[in-house]
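Okay, hi everyone, thanks for coming.

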Amino acid sequence: MDKNKKRTNLKRLLAAVLAAVCMLFPAGCSQTAAEETTTQQVKTNGKLSVHYMDIGQGDAALIQCEGHSMLIDAGNNNKGTQVCSYLKSQNVDKLDIAIGTHGDADHIGGLDVVIYNFDCDTIIMPDRKRDTKTWQDVIDAIDEKNDTLTYPEIGKTYSLGSATVEIIAPCSYDYGDNENNYSVGVLITYGESKFLFTGDAEAEAEADMLKNGIDIDCDVFKVSHHGSSNANTSAFLDAALPEYAVISCAEGNDYGHPHQEVLNELRSRGIKVFRTDEQGTIVAVTDGKNITFNASPSESWLSGNRLKSDRENSSAGSQTAQQKTESETLSRIIGNRNSRKYHTTDCGNLPMEKNQILFSSEKEAEDAGYEKCKNCSNAVE
């Protein structure tokens, strides 16, 4: 699934067709070819970086290109200061564009703090007023800074240095009470590299993007709704066909994000996955052709539910390091204090924990006067 190769082959095919046309119609063809080259060429003076911030259960991404900066979401209400600190650490002094994808607190909760601390040329949020303090806090910050709230228009583009930011969603304001589907979606293009953001858009909103013929082909996809199975449909992933995917969520979150179904969909397509819950802040850098990351792709493929369960089980059965070592050493053979029988760990007739005594070998158990259980199989010698 080498998308750059696919695009290169397409360009070669077009070039071959153009060359054939020029051979048949040489007059005026050289000017057309020159104009075509000029139109297709995109300047990439420097590099574009995308920072998928680790802000727990929420979203916040900083995009920088040639001295220009853009923010997509700002995490929960208690994350505003953290987001501001990160922006300052990346030498951000103003934001060309700030987007609040939708009104959920884990996306715009910290946006008011960002607006108070940084001048923003353009602030974009969906035309979907929310009756919440979180939403009103952002509106109050915009008003106090004498900024203007801009509503997204499908197909409208903004410049970020040499990069282009295209609005691709929401395609409708008829999603009822499902606030996630009103998420602002953008496709960021820098040279041949494309980064896709869809907020928390779910299956219905994804279907509308595809139905409206919106080009979502990308290299890096910020997985929608923190890896929830109510988004990231097979059809959408097939259309986007990213080489990389980034999942933003908290370790052990209450929603089980990312869901196993989504991880399976990504894995089946050979998509390399990065996760903030496992790897912290993920930074992608591109020169307009090649994309590099500050970490290697995750290899766990564990859902949020699995990680949470493992952590809870570990906490519930926690022991000191010494106790754990002793337990692992002795747990090969389990004796029953009452029956004076010993069992292997795979026996179906293990005694209650209060009646257990542990031995490191069958010989040790027999030396202590215990007999082997007749139902045991695969005894450890």
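Before we start, one term: a polar contact is a pair of N or O atoms within 3.5 Å, where, within protein, one has to be able to donate a hydrogen and the other to accept it. And keep in mind that what you see is a predicted model.

Which side chain does His-102 reach with a polar contact? It's Asp-200, and the two side chains are joined at 3.2 Å. If you want to find His-102 on the screen, look in the loop between strand E4, residues 94-99, and helix H4, residues 105-108. Is His-102 buried or exposed? Its relative accessible area is 1%, so it counts as buried, because buried means under 20%. Leaving out neighbours within four places in sequence, His-102 is in contact with several residues, among them His-107, Pro-126, Glu-179 and Ser-183.

Now the sheet. Eight strands form an open sheet, and the order is E6-E5-E4-E3-E2-E1-E14-E15, with mixed pairing. At the edges sit E6, residues 149-150, and E15, each pairing on one side only.

Last topic: aromatic rings. How many aromatic pairs does the structure hold? Seven. Take Phe-221 and Phe-236: the ring centres are 5.9 Å apart and the planes are at 50°, so this pair is tilted. Phe-221 is in strand E11 and Phe-236 is in helix H8, so the pair ties together parts 15 residues apart in sequence. Both of these Phe residues are buried.

Tyr-244 and Phe-293 make another tilted pair, at 4.8 Å between centres and 55° between planes. Here Tyr-244 sits in strand E12 and Phe-293 in strand E15, so the parts tied together are 49 residues apart in sequence. Tyr-244 and Phe-293 are both buried too. And finally, Tyr-173, Tyr-175 and Tyr-182 form one aromatic cluster.

Note on methods. Residues are numbered from 1 along each chain as its sequence is written. This is a predicted model: local features need pLDDT of at least 70, side-chain atom pairs count only at pLDDT 80 or more; totals for chains, interfaces and linings use all residues. Side-chain values use heavy atoms; hydrogens and water are left out. Helices (H or I, at least four residues) and strands (E, at least two) are DSSP runs, numbered from the N terminus. Buried means under 20% relative accessible area, exposed over 50%, partly exposed in between (1.4 Å probe, protein chains only). Contact means heavy atoms within 4.5 Å. Rings of Phe, Tyr and Trp (its six-membered ring) pair if their centres lie within 6.5 Å; planes under 30 degrees apart count as stacked, over 60 as edge-to-face and the rest as tilted. Two strands pair if DSSP finds at least two bridges between them.
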